[in-house]
Amino acid sequence: MRSGLDELQTKLADLRVTERSDDGQVTAIVGARGELISVEVSPAAFHDRDARALSRKITETVLRASTAATTATRELVAGYLPPGSPSVEFLRTHDFGALLGRADSALARGE
């Protein structure tokens, strides 16, 4: 199991998700946790000289990339853990209560 976790850790460290704006003027790359790695803006994006529109386009593209990274991370982790694992469920729901509830139950039983 340990070697599987080492492999998972390497895959997560290497995971990159790239999203482009609908017009292709903005490209965002994020890592497994949705952290922004880079943003590229095409010179064509500056022709309109609309800073607010460009700002919205960048924000939307980064958010789409982050959402896609969350999904990719969840799917990757799910392949290494048993079905129904609280860790996988936490990645899906972000519900700390459910994640910690199982640990609390085990502690109460003296496991």
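Which residue in β3 is the bridge partner of Ile 29? Ser 38 in β3 takes that place.

A word on ground rules: this is a predicted model, where local features need pLDDT of at least 70, side-chain atom pairs count only at pLDDT 80 or more, and totals for chains, interfaces and linings use all residues. Residues are numbered from 1 along each chain as its sequence is written, and side-chain values use heavy atoms, leaving out hydrogens and water.

Let's look at β2, residues 26-30. Strands here are DSSP runs (E, at least two residues), numbered from the N terminus.

| Partner of β2 | Residues | Bridges | Direction |
|---|---|---|---|
| β1 | 17-20 | four | antiparallel |
| β3 | 36-41 | five | antiparallel |

The β1-β2 hairpin has five residues between its strands, with Gly 24 at a positive phi near 80°.

Now for burial (under 20% relative accessible area, 1.4 Å probe, protein chains only). Five of the five β2 residues are buried, so the strand is largely enclosed by the rest of the structure. In a regular strand, side chains alternate between the two faces of the sheet. Both faces of β2 are covered: Val 26, Ala 28 and Val 30 are buried on one side, Thr 27 and Ile 29 on the other.

Gln 25, in the loop between β1 and β2, counts as buried because its relative accessibility is 16%. Leaving out residues up to four places away in sequence, Gln 25 touches Glu 40, Val 41, Ser 42, Ala 44, Ala 45 and Lys 57, where contact means heavy atoms within 4.5 Å.

Terms used. Buried < 20%, exposed > 50% of the residue type's maximum accessible area, 1.4 Å probe, protein only. Pairing = 2+ DSSP bridges.
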